[in-house]
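Colleague: I am new to this one. Please put it on screen, and I will start asking.

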Amino acid sequence: MRLIGVGVGPGDPELLTLKAVRVLSGAGRVFVPVLDPHEAGRAEATVAGHTPPERIERLVFALNERHDAGRRYAHWDAAGARVADWLRANDGTAAFATIGDPNLYSTFGYLAQTVRGLLPGVAVETVPGITAMQALAAAAGVPLAEGRERLTLLPATAGLDRILDTDGTVVVYKGFRHVPELTAAVASAGRTAVYGARLGLPGEEVTELSTVDGEVPYLSTVLIPARRESRGGKL
Ligand SMILES: C[S@@+](CC[C@H](N)C(=O)[O-])C[C@H]1O[C@@H](n2cnc3c(N)ncnc32)[C@H](O)[C@@H]1O
């Protein structure tokens, strides 16, 4: 029995790896996370071209629940129980498709932990995926790190205090409710920032953070490039 977490990239189906395509086409079942059982999520839309619809199954998660931990746990338990049931009944390979990379802020970690608790013999593997951070660097034409520069990735939900104490690159995930604070922090540090929303998806937007106004989608990332004065200056 194997459970494979497959990273499907930020949204553009061309950003799936060959290995992801092979695993998704061969798995007996491909589970996908959704908020609403009646609507395809991003991961499902990305894998749809590689997996027959009858092998795709939605698992409902409280993906946007920040306050009610009980609700989150109840969904992890139900999803884990369903995957464990499928693995027991089929003694096969199940995949779980997740946006970006399965080892970076992904629901896959919670699911895998739950399934392991129910089926201690299950083999858990992951197939790495291209992250939103990499997709934004590519879209903006900005190297993430050079030479001795630091690269910091953080979720805005952890707070934005002192995030620009570094001269290195800073990438901010989950910042959709924090754009005004983030814009102010970038300006007061005399830095610039690139904002990328819905990367690789219809409606993709890549622009300077200072121009962002109005409602910001959950799928948005901010990249504050390292201070760079000369070519290879940080080698
Ligand atoms: C739960 S994390 C998932 C991260 C993902 N596993 C990865 O490897 O990039 C969700 C955050 O990832 C970022 N993100 C994921 N996909 C994105 C996309 N297509 N466009 C912009 N940001 C994205 C956003 O910051 C979003 O709030």
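Colleague: In S10, what is the bridge partner of glycine 196?
Modeller: This model is predicted: local features need pLDDT of at least 70, side-chain atom pairs count only at pLDDT 80 or more, and totals for chains, interfaces and linings use all residues. Residues are numbered from 1 along each chain, as its sequence is written. Strands (E, at least two residues) and helices (H or I, at least four) are DSSP runs, numbered from the N terminus. In S10, glycine 196 has as its bridge partner threonine 221.

Colleague: How many bridges link strand S8 and strand S10?
Modeller: S8 covers residues 194-197, and S10 covers residues 220-224. Strands pair if DSSP finds at least two bridges between them. S8 and S10 pair in the antiparallel sense, and the count is four bridges.

Colleague: In what order do the five strands of that open sheet run?
Modeller: The pairing in this open sheet is mixed. Its five strands run in the order S6-S7-S10-S8-S9.

Colleague: Which are the edge strands?
Modeller: Each edge strand pairs on one side only. One covers 151-155 and the other 205-208. They are strand S6 and strand S9.

Colleague: How much does the twist average from one strand to the next?
Modeller: Axes are lines fitted to C-alpha atoms (for helices, over the stretch in contact), and angles run from 0 to 180 degrees between N-to-C directions. From one strand to the next, the twist averages 15°.

Colleague: Which helix lies across S6, S7, S8, S9 and S10?
Modeller: The helix covers residues 132-140. It runs at about 60° to S10. Strand S7, which the helix also lies across, covers 169-173. The helix is H5.

Colleague: At roughly what angle do the axes of H3 and H4 cross?
Modeller: H3 covers residues 69-90, and H4 covers residues 108-118. Their axes come within 8 Å. They cross at roughly 60°.

Colleague: Which residues of H4 make that contact?
Modeller: Residues are in contact if their C-beta atoms, placed from the backbone, lie within 7 Å. H3 brings Trp76, Asp77, Ala79, Gly80, Ala81, Val83 and Ala84. H4 brings Tyr110, Leu111, Thr114, Val115 and Leu118.

Colleague: How many residues of strand S4 are buried?
Modeller: A residue is buried with 20 or more other C-beta atoms within 10 Å of its own, exposed with 12 or fewer, and partly exposed in between. S4 covers residues 93-98 and is mostly covered. Its buried residues number five of six.

Colleague: In S4, what is the bridge partner of valine 6?
Modeller: Strand S1 (residues 2-7) and S4 pair in the parallel sense over six bridges. In S4, the bridge partner of valine 6 is alanine 97.

Colleague: And in S4, what is the bridge partner of phenylalanine 31?
Modeller: Strand S2 (residues 29-34) and S4 also pair in the parallel sense, over three bridges. In S4, phenylalanine 31 has as its bridge partner phenylalanine 96.

Colleague: Is aspartate 91 buried or exposed?
Modeller: Aspartate 91 is found in the loop between H3 and S4. It has a positive phi of about 45° although it is not a glycine. With 9 other C-beta atoms within 10 Å, aspartate 91 is therefore exposed.

Colleague: What is the phi of tyrosine 105?
Modeller: Tyrosine 105 is found in the loop between S4 and H4. It has 17 other C-beta atoms within 10 Å, so it is partly exposed. Tyrosine 105 is not a glycine, yet its phi is positive, at about 45°.

Colleague: What separates the C-alpha atoms of tyrosine 110 and histidine 67?
Modeller: Tyrosine 110 is found in helix H4. Tyrosine 110 is partly exposed, because 17 other C-beta atoms lie within 10 Å. Tyrosine 110 and histidine 67 are 43 residues apart along the chain, and their C-alpha atoms are separated by 17 Å.

Note on methods. Two residues are in contact if their C-beta atoms, placed from the backbone, lie within 7 Å.
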